[in-house]
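Dear colleague,

Please find below the structure that I am handing over to you. My notes on the contacts and surface features follow it.

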Amino acid sequence: MTANKPKAVVSWSSGKDSAYAYHIAKSSGDFDIVGTLTTITETFKRVSMHGVREELLDIQIQNTGLKGYKSYIPSPCTNEIYEEKMRALSETLKADGITHVIFGDLFLEDVRDYRLRQMEKAELECVFPLWKKDTTELAHEMIDSGLRSILTCIDPKKLDKSFAGREFGPALLADLPDHIDPCGENGEFHSVVIKGPMLKNDIPVTVGEIVERDGFIFADVIP
């Protein structure tokens, strides 16, 4: 029964942290999770920062069984435009009875504080199921759960570009330099989830072209 549970959406970046936060929140039974919330760069039809194709995002959402809420932003996008887009979308969420937004943040205080401020303005509450978990333990917990993801975006100032397109798994964790967070929480890398307990079916993909754009390395993961 979900009648007495608060309605929530998960801030879904397409990557492992947001997907696993959804899994943990769903397992807790505390919320009626009804949708995903994703920012799309309109020019490229890709998930912002992660560089994931919108068609792959749509397959993910179908496999969660949730409703996909999307915010389309231009490229480049000012902070003012981004916040205005999110304000408009928050009105849609509230009209649908949604009161909470689930985030996959791990330990960055400034990012968490920003989300709290923005959601307070929108009269929505934040939920952080993974907050302050040890990221080494969390990385292995994700993998042990059956989650599979592929690195789609690399910051070459922090991590060698050869990691782009690799699967997030034990071999990758063993190869990460000691100064790199195992979950990439400092922006070292972003990913796309293709299998896991939060998806009804595995998503077959191939890794296509790897390109450098705007100072980042992107691997094109093709469904």
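In this predicted model, the side chains of Lys 70 and Asp 58 form a salt bridge, with an N to O distance of 2.6 Å. Lys 70 belongs to strand S4 (residues 67-73) and Asp 58 to helix H2 (residues 54-64), so the contact ties together parts that are 12 residues apart in sequence. Lys 70 is partly exposed, at 23% relative accessibility, and Asp 58 is likewise partly exposed, at 28%.

A search of the whole structure gives 15 salt bridges. Another of them joins Asp 105 and Arg 115, also at 2.6 Å from N to O. Here Asp 105 sits in the loop between strand S5 (98-102) and helix H4 (109-121), while Arg 115 is in helix H4, so the pair ties together parts 10 residues apart in sequence. Asp 105 counts as buried because its relative accessible area is 7%, under the 20% limit. Arg 115, by contrast, is partly exposed at 23%.

A further salt bridge is made by the side chains of Glu 167 and Arg 148 (3.1 Å, N to O). This pair links distant parts of the chain, 19 residues apart: Arg 148 is in strand S7 (148-154), and Glu 167 is in the loop between strand S7 and helix H6 (170-175). Relative accessibility is 36% for Glu 167, which is partly exposed, and 33% for Arg 148, which is also partly exposed.

As to the strands, S9 (residues 206-213) and S10 (residues 216-222) pair in the antiparallel sense over 6 bridges. Within this pairing, Glu 212 has Ile 217 in S10 as its bridge partner. The two strands form a hairpin with 2 residues between them, and Asp 214 in the turn has a positive phi of about 55 degrees.

Finally, Asn 4 lies in the segment before strand S1 (7-11). Asn 4 is exposed, with a relative accessible area of 79%. The C-alpha atoms of Asn 4 and Tyr 114 are separated by 29 Å, and the two residues are 110 residues apart along the chain.

With kind regards

Methods. Residues are numbered from 1 along each chain as its sequence is written. This is a predicted model: local features need pLDDT of at least 70, side-chain atom pairs count only at pLDDT 80 or more; totals for chains, interfaces and linings use all residues. Side-chain values use heavy atoms; hydrogens and water are left out. Helices (H or I, at least four residues) and strands (E, at least two) are DSSP runs, numbered from the N terminus. Buried means under 20% relative accessible area, exposed over 50%, partly exposed in between (1.4 Å probe, protein chains only). Two strands pair if DSSP finds at least two bridges between them. A salt bridge is a side-chain nitrogen of Lys or Arg within 4 Å of a carboxyl oxygen of Asp or Glu.
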